[in-house]
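Subject: Structure handover

Hello,

Here is the structure for you to look through. Please open it before reading the notes below.

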Amino acid sequence: MEENEDQSEKQKSGVSAEGRCVGDTFRLHMVTWNVATADPPDDISSLLHLNSPKSPDLYVIGLQEVYSGPLRFMSDIVFDDPWSHLFMSTLAPRGYLKVTSIRMQGLLLLFFSKLDHVPYIRDIQAKYTRTGIFGYWGNKGGVSIRLSFYGHKLCFLNCHLAAHMKYATERVDEFESILDTQTFDCKKAPKVLDHRLVFWFGDLNFRIQDHGMHFLRTCINNHTYHLLWSKDQLTMMKKKEPMLQEFEEGPLDFQPTYKFDLNSDAYDSSGKKRKPAWTDRVLWRLRPKGPPSEGSDENEDPGLAEKNAKQQEEDEAYPLKVRQDSYISNMEYGISDHKPVISTFTMELRKMYETPLVSLHADGDWSADIDAVVVYSPLQPFPSSTWDWIGLYKVGFTSVSDYITYTWVKDDEVSFNEELIQVYVSKEEIPVLGGECVLCYYSSTLQCIIGISEPFKVHESKVAIEEGLVPENINGLDKATAT
């Protein structure tokens with residue numbers, strides 16, 4: 001269900017006394033990597049630029065060819081796959097939460113955010129489209145995540161398109177099919193291209209045609225990559241396809257990322273000797289401005305014209321700009337025949353809201369010796385549900401499902417007035433060993449966390465200490481808090 005975006009908070013943010021736009025900037029770190037069914041490496045610090053002085057606000061990681069053999073895939077349904085686990089365990093201690101993810105066989109898309117931004121990431125939806133074997137097999141296709149970030153509609157589309165030199169047109173057809181197929185439950189942005197900002201990335205599989213192997217290798221060795229650009233198939237297809245022309249891409253000033261011998265920086269030395277290519281790409285598209293083109297549907301549909309006029313008015317009131325800061329490959333990793341591609345962006349936008357939908361806090365001291373109470377207060381109208389819940393998390397939790405315990409908001413409500421609502425938490429659910437924790441309100445309708453408490457201390461159980469309770473006897477909840 002689309003979030004309630006017409007709240008009064010929109011009128012309060014982002015305008016100076018002189019009526020001038022005051023924008024906030026956010027850093028986005030994106031990775032695309034065809035991992036060729038390999039297990040993850042031990043260290044992904046350089047992949048995520050963890051030693052950079054400027055930490056991103058958001059991480060978006062798109063992988064292709066994640067191993068999906070029958071036994072592994074079934075275990076990944078129940079547990080986090082090794083790649084997701086590695087990214088979560090690496091980023092959680094640095095204050096990032098896996099907000100959402102989607103997997104379709106070998107395609108995996110992960111979205112991480114700094115915890116501060118999480119209550120302002122709403123209306124999250126994920127979709128997948130198969131294009132392999134006439135649309136019945138998910139070895140090729142696209143997975144997407146759409147969401148509202150401080151009111152601005154963003155969509156991230158990770159694709160793995162058809163392989164081989166001769167299928168450039170088929171790759172474009174597959175991309176258009178993915179765009180046509182994926183629909184979202186959002187009135188203002190039901191399709192991918194309806195979103196204010198779209199990122200299209202992945203193993204798009206476009207090759208470098210016409211040039212011989214000797215010329216290719218000479219250009220790569222001399223770092224004269226620009227001599228190859230005109231024969232890059234995606235560059236060539238953009239000249240013929242108006243839809244592709246709406247997507248921007250930075251210069252390909254890094255060596256082609258396919259195809260390498262494993263654990264090597266040497267290109268394919270097998271009998272096939274495949275030509276190097278920029279198969280792995282990151283593009284973006286800001287929704288075009290201005291009047292409709294001649295012959296468009298808007299000229300025949302007054303309702304559509306009115307909708308687009310309102311959309312343009314909102315775009316002008318809440319501007320959004322994007323700048324690509326870097327576009328590189330990382331030659332450090334040799335576990336795949338592809339090298340990962342990393343792109344960083346700066347988004348400048350005026351927030352449509354700056355207040356979370358819910359505020360909440362732990363009432364009084366918490367320990368496993370006494371039943372506890374959560375107090376929350378709605379700060380803006382939102383579609384509440386009997387399926388809403390409040391989770392207790394240890395500080396540094398990895399994802400929405402990484403809770404210690406939870407309580408249903410409606411079922412466990414003990415006190416209610418217009419401003420403050422109290423919700424009961426049984427002492428049996430509180431960890432005996434205590435620890436630093438936070439509370440999160442999860443909206444089942446909006447499919448996201450809409451409020452986070454300040455960190456607070458859950459005290460050790462005095463009763464357990466007096467009774468000589470030892471760590472071997474504590475329950476699983478306490479083990480989670482103790483680690």
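The notes below go from the whole chain to two places in it.

The model is predicted, and local features need pLDDT of at least 70, side-chain atom pairs count only at pLDDT 80 or more, and totals for chains, interfaces and linings use all residues. Residues are numbered from 1 along each chain as its sequence is written, and side-chain values use heavy atoms, with hydrogens and water left out.

Whole chain

The chain has 483 residues, and 53% of them are buried (buried means under 20% relative accessible area, exposed over 50%, partly exposed in between, with a 1.4 Å probe and protein chains only). Its secondary structure consists of 10 helices and 21 strands; helices (H or I, at least four residues) and strands (E, at least two) are DSSP runs, numbered from the N terminus. Of the contacts between residues at least 6 apart in sequence, 71% join residues at least 24 apart, where contact means heavy atoms within 4.5 Å. The accessible surface is about 22200 Å², and carbon and sulfur atoms account for 51% of that surface (Shrake-Rupley method, 1.4 Å probe; for residues, only the protein chains shown count as cover).

The four-stranded sheet

Four strands form an open sheet in the order β12-β14-β18-β17, with antiparallel pairing; two strands pair if DSSP finds at least two bridges between them. β12 (358–363) and β17 (413–416) are at the edges; each has a single partner strand, so one side of each lacks a neighbour in the sheet. On average, neighbouring strands of this sheet are turned by 20° against each other, direction ignored (axes are lines fitted to C-alpha atoms, for helices over the stretch in contact, and angles run from 0 to 180 degrees between N-to-C directions). β12 and β14 (residues 372–378) run antiparallel and are joined by six bridges. Ala362 is placed opposite Val374 in β14.

The hairpin of β19 and β20

β19 and β20 pair in the antiparallel sense, with four bridges, and Tyr441 is placed opposite Gly451 in β20. Four residues lie between the two strands of this hairpin, and Gln447 takes a positive phi near 60°. Strand β20 (residues 448–452) is largely enclosed by the rest of the structure, because four of its five residues are buried.

Gly435 belongs to strand β19 (residues 435–443). Gly435 counts as buried because its relative accessibility is 18%. Between Gly435 and Lys394 the C-alpha to C-alpha distance is 7.1 Å, although the two are 41 residues apart in sequence.

Regards
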